[in-house]
Amino acid sequence: MTYVFRNNTIEHFLMGGYQFSGYDDYGTVPEAEGYLWWYQVPVKMNREQLVAEVETYAQRLLWVAGQIGDKPLLVLTLECIWETNANLSDRRLAQAIEAFNNTAWSLAAERKNIKVVDFGKFLQQYPVNERIDWKYYFISQMIINPRLKGAFSTWLAEQQRALALQRKKCLVLDLDNTLWGGVLGEDGIEGVQLDGDYPGKAFHTWQEGLRELANAGVILAICSKNNEADVEALFAAREMPLKLEDFVNKRINWQDKATNIRAIAEELNIGLDSMVFVDDNPTERELIRQQLPMVAVPEFPTQPYGLTELYAQLVREYFSVYALTDEDRKKTEQYRQNASRKQLEAQFTDMTDFLRSLEMKLKIERVDAQSMSIPRVAQMTQKTNQFNLTTRRYTEDDIRSMIAHGAEVWTLAVSDRFGDNGITGLMILVPEDGWRIDTMLMSCRVLGKGIEEAFFKYVISQYSGSLRGEYIPTAKNSQVADFYARMGLCNCSNNQFEAQIADLDTNVKDYYTIE
């Protein structure tokens, strides 16, 4: 249950799982799983009283933040739904609103359990006369127009997905009339529209946005019916925000796009449901919707000036995240390094020799509740599906709470001669009649080299006594169904095991260096 601090009627907008304070009652902080602060500028015609009241909100929020301990608190920014100001030079109300919001953002920067979402971004979609319905305000003290309920629910769900670090991984892009204007094979290198006046300027701005997605950890891939040599020549000859190396995977050929997208997913070792496909051709979009229904396929604008709104939709619906981790920022380079590893592997006939040639280093750490790794830990529980034995999803606050109650959280970072993969493995052990493995997962980027075995053996070697665990089957994690059996826990039954750690083999192969 989430307890909501509010100063007007908002029950219509938050249905199920919420308990509400009285109007302006911030002095009572009951026990709850989490808290939500959603104050709005009240309707008062006396400007002196209005400003004076709003100026108290920051101190109220600070007091509440001091009472909740490490429980999660989500703050919606303070916004003025409606205002009439006879003195246009009087900025006191705007300053009071800004002071409250600055206080909220400062709290979020200082305390990991506090998050802020910008309610103003929701309101800016509507003119003032649509934000409030005076009939409902005077009847029920509901400042926000109840007709906005559906749109608000969608918006809030998007914010919560971003807070939970749930987003798609890969954006697959067509080229002709999608990444640039025109058809390369017909218009030639100089004929495609990439800059200058409209429509070239629209495609240039669109590419700038896509480059920002890549910088934020979104994997970019190409799926285009084209001649690869022509595409390479265009990228070499023309200046544009995106470079060919920004694309981790490229399928530039004349095969059907469903086959190509399957190949991209297989090579990147990601699920089809983590992909978004953008193509100007409605026939190609329909093919993917029918052949690969798990791939997200947004509509493409009929005119290039609609590309900016498409970019906003991609961010809003598929790729938004509350805060970036270091691994997010390095994602493109990490997948590029993986391609280099696969090329090297093809040169070896003996797998052991190949693994030794990688010069792998495993950095295994036990993290505490204050660790800077907590956001990445939570992110992995939210995003990892294939090598994940229990697929339990946790937020940052959940992880900190588990640690506070005795759980031990271990992370694995992997590097080799090609570069650093960052934190790619996670184990969470809970003290229950010995130890229970609550979570064991690995990023798909580092699978296939036995790293999961080394990580598991090293962590359990730090403990003694009884060890228990389970495998919870999902539609995506069948590859780990026999993991515990492979680790020597052959007494598994009903996807559960119990063993004595002293009886297990904890020796790690010599082609890993563990730090």
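Colleague: Why is R285 called buried?

Modeller: Its relative accessibility is 5%. Buried means under 20% relative accessible area, exposed over 50%, partly exposed in between, with a 1.4 Å probe and protein chains only. So R285 counts as buried. Keep in mind that this is a predicted model: local features need pLDDT of at least 70, side-chain atom pairs count only at pLDDT 80 or more, and totals for chains, interfaces and linings use all residues. Residues are numbered from 1 along each chain as its sequence is written, and side-chain values use heavy atoms, without hydrogens and water.

Colleague: Where does R285 sit, and what does R285 touch?

Modeller: R285 is in helix α12, residues 282-291. Helices are DSSP runs of H or I with at least four residues, strands are E runs of at least two, and numbering starts at the N terminus. Contact means heavy atoms within 4.5 Å. Leaving aside neighbours within four places in sequence, R285 meets F277, D279, D280, V297, P298, E299 and F300.

Colleague: F277 belongs to β9. What makes both faces of β9 covered?

Modeller: In a regular strand the side chains alternate between the two faces of the sheet. In β9 (275-278), M275 and F277 on one side are buried, and V276 and V278 on the other are buried too.

Colleague: What makes β6 and β9 a pair?

Modeller: Two strands pair if DSSP finds at least two bridges between them. β6 (170-173) and β9 have four bridges, in the parallel sense. C170 stands opposite M275.

Colleague: What is the strand order in the open sheet of five strands?

Modeller: The order is β2-β1-β3-β4-β5, with parallel pairing. β2 (18-20) and β5 (114-117) have a single partner strand each, so one side of each is left without a neighbour in the sheet. The twist averages 25 degrees from one strand to the next. Axes here are lines fitted to C-alpha atoms, for helices over the stretch in contact, and angles run from 0 to 180 degrees between N-to-C directions.

Colleague: Which helix lies across β1, β3, β4 and β5?

Modeller: Helix α2 (57-67) does, running at about 180 degrees to β3. Helix α7 (149-163) also packs on the sheet, touching β2, β3, β4 and β5. The direction of α7 makes about 140 degrees with that of β5.

Colleague: Why are F5 and W37 called a tilted pair?

Modeller: Rings of Phe, Tyr and Trp (its six-membered ring) pair if their centres lie within 6.5 Å; planes under 30 degrees apart count as stacked, over 60 as edge-to-face and the rest as tilted. F5 and W37 are 5.8 Å centre to centre, with 35 degrees between the planes. F5 lies in β1 and W37 in β3, so the pair ties together parts 32 residues apart in sequence. F5 is buried at 0% relative accessibility, and W37 is buried at 0% as well. Ring pairs link both into a cluster with Y3, Y35, Y39, Y57 and F100.

Colleague: How do you know that α9 and α13 are roughly parallel?

Modeller: Angles under 35 degrees count as roughly parallel, over 145 as roughly antiparallel, 65 to 115 as roughly perpendicular and the rest as oblique. α9 (200-215) and α13 (307-319) pack at about 15 degrees, axes 9 Å apart. They are therefore roughly parallel.
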